[in-house]
Amino acid sequence: MIEITGLRKSFGAKRVLDGVTLSVPRGESMVIIGGSGTGKSVLLKCILGLVQPDGGTILIDGAAAETGGREAFLARFGMLFQGGALFDSLSVWQNVAFRLLRGSARKSRAEARGIAIEKLRRVGLAPEVADLYPAELSGGMQKRVGLARAIAAEPEIIFFDEPTTGLDPIMAGVINDLIREIVTEMGATAMTITHDMSSVRAIADRVAMLHGGVIRWTGPIDTLDTTDDPFVRQFISGSAEGPIEALR
Amino acid sequence: MTALLAPLAALGRIVFDALAAAGRIAFFATEAVSHIFRPPWYPREFLAALMQIGWFSLPVVGMTALFTGAALALQIYAGGARFSAESVVPSIVAIGMVRELGPVLGGLMVAARVASSIAAEIGTMKVTEQIDALVTLSTHPMKYLTAPRILAATLAVPVLVAVGDSIGIFGGYLVGTGRLGFNPATYLKNTRDFLELWDVGSGLVKGAAFGFIVALMGCYYGMTSGRGAQGVGAATKAAVVAASVLILAANYLLTEVFFSA
């Protein structure tokens, strides 16, 4: 379970997170929606320790983040980055097996390659892709490889940062379905940030809306369309009229 | 009065910024060096860096040394002729190459080739979130990216300098025997007789220092790169400029330490 309380983060004079409080129960898929630049990525990065928050607490299963050491803490997480963030200098299978080839739980190269190929198959990629390099892949294939890397070490918690950005609607649908299937079959706790409403509907058990540095609304996915919160209503309808200021 | 103080204020800001940057680089260097000695180590990354920095820099360092040695022989011959001291060509070419020109020009060529590529590679990794991805995969970027490159450059550049010294002396030998009429055996004997071990050793120590500077600047500016293509471009330029200036400054300091009476 992830419990975030009063999380604050500013960059210079710009206050990005201004007291975010959010709870994600174990095994649940939480999707955080919000406009561009509202701090969704910063929130994920604060949990992972990639960005140091100015205040607030983050508890994972009741314990402060990084209790038991940084490596053990990070080993519980997998993350799919917005642009894939695949390592250009490594082949696809070496990207997927990156964690398996290093650290305290290191496996032999043959075993790690076998697991990588299995994970690639799980995300719909043929074994022949394993020896290609990221630059040789299409955007959709890179997302799949990023997904395979995120799940390779079977983490308890998976973060998805804008998983469908830059993909055509059909490929976005495929990636959404894959994420939903994988999260369900692994029983993982998932946090996804997106402003793609098709992703929200495909992936979420619960939805939270981040706006103005705080969680503006949160609720189960089936209440998203019936809420009378004006911010959520404007966001899901994509209207320029409403409380969320739209620059034109 | 305010108009009078404005240039002073600007100067003060520049000095403070420079001191702050020096402090940040010193902290970065300390952390990077500490990771060289603490596990986990990444031998594959180290070997890849060794190939990239050492082996692939050989052609450019070799060509630079060859032409420098050749030009040096011509210059010393022409200069020596003014006071009938043409015979010093072999010894001055050798001493000049191994003490100064080999390490300095080798260091500058490696700075141009390696500091730029390290800064561009790490900078691109930073802006495409690959550094963040490394962290989420339980891998410390300083251990995985910085430590192997700094160690590889510190070890590889002295070897490059040694090879460059030999090629430079050979360049002088080619011109000396082919164009200036030196007897080949006499040229080699003069080279050998006047060269002391510390001449070579001091150049190699300089090479190690320059290699450290090159990789440190590449890694530092890559890791602190700004966003987008412009940020990576600026980081690359800053890495090459800083590495080149620091090599020349370090060369003066080391020469003072090694050779001042």
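Biologist: Which residues have the most contacts inside the largest nonpolar core?
Modeller: Ile32(A), Leu43(A), Val96(A), Ala116(A), Leu120(A) and Ile158(A), in a core of 75 residues. Keep in mind that this is a predicted model, where local features need pLDDT of at least 70, side-chain atom pairs count only at pLDDT 80 or more, and totals for chains, interfaces and linings use all residues. Residues are numbered from 1 along each chain as its sequence is written, and chains are lettered from A and ligands numbered from 1 in the order in which they are written.

Biologist: What makes a set of residues a nonpolar core?
Modeller: They must be buried Ala, Val, Leu, Ile, Met, Phe, Trp, Tyr or Cys, joined through C-beta atoms within 7 Å. A second, separate core has 68 residues, among them Val93(B) and Ile150(B).

Biologist: Which residues does Ile158(A) touch, leaving out those up to four places away in sequence?
Modeller: Gly78(A), Ala150(A), Ile151(A), Val183(A), Ala188(A) and Ala190(A). Touching means C-beta atoms, placed from the backbone, within 7 Å.

Biologist: Why is Thr184(A) called partly exposed?
Modeller: Buried takes 20 or more other C-beta atoms within 10 Å, exposed takes 12 or fewer, and partly exposed lies in between. Thr184(A) has 13 such neighbours, so it counts as partly exposed. In space, Thr184(A) is 8.1 Å from Gly27(A), C-alpha to C-alpha, though they are 157 residues apart in sequence.

Biologist: How many residues does each chain bring to the contact between chains A and B?
Modeller: Chain B gives 10 and chain A gives 15.

Methods:
Two residues are in contact if their C-beta atoms, placed from the backbone, lie within 7 Å.
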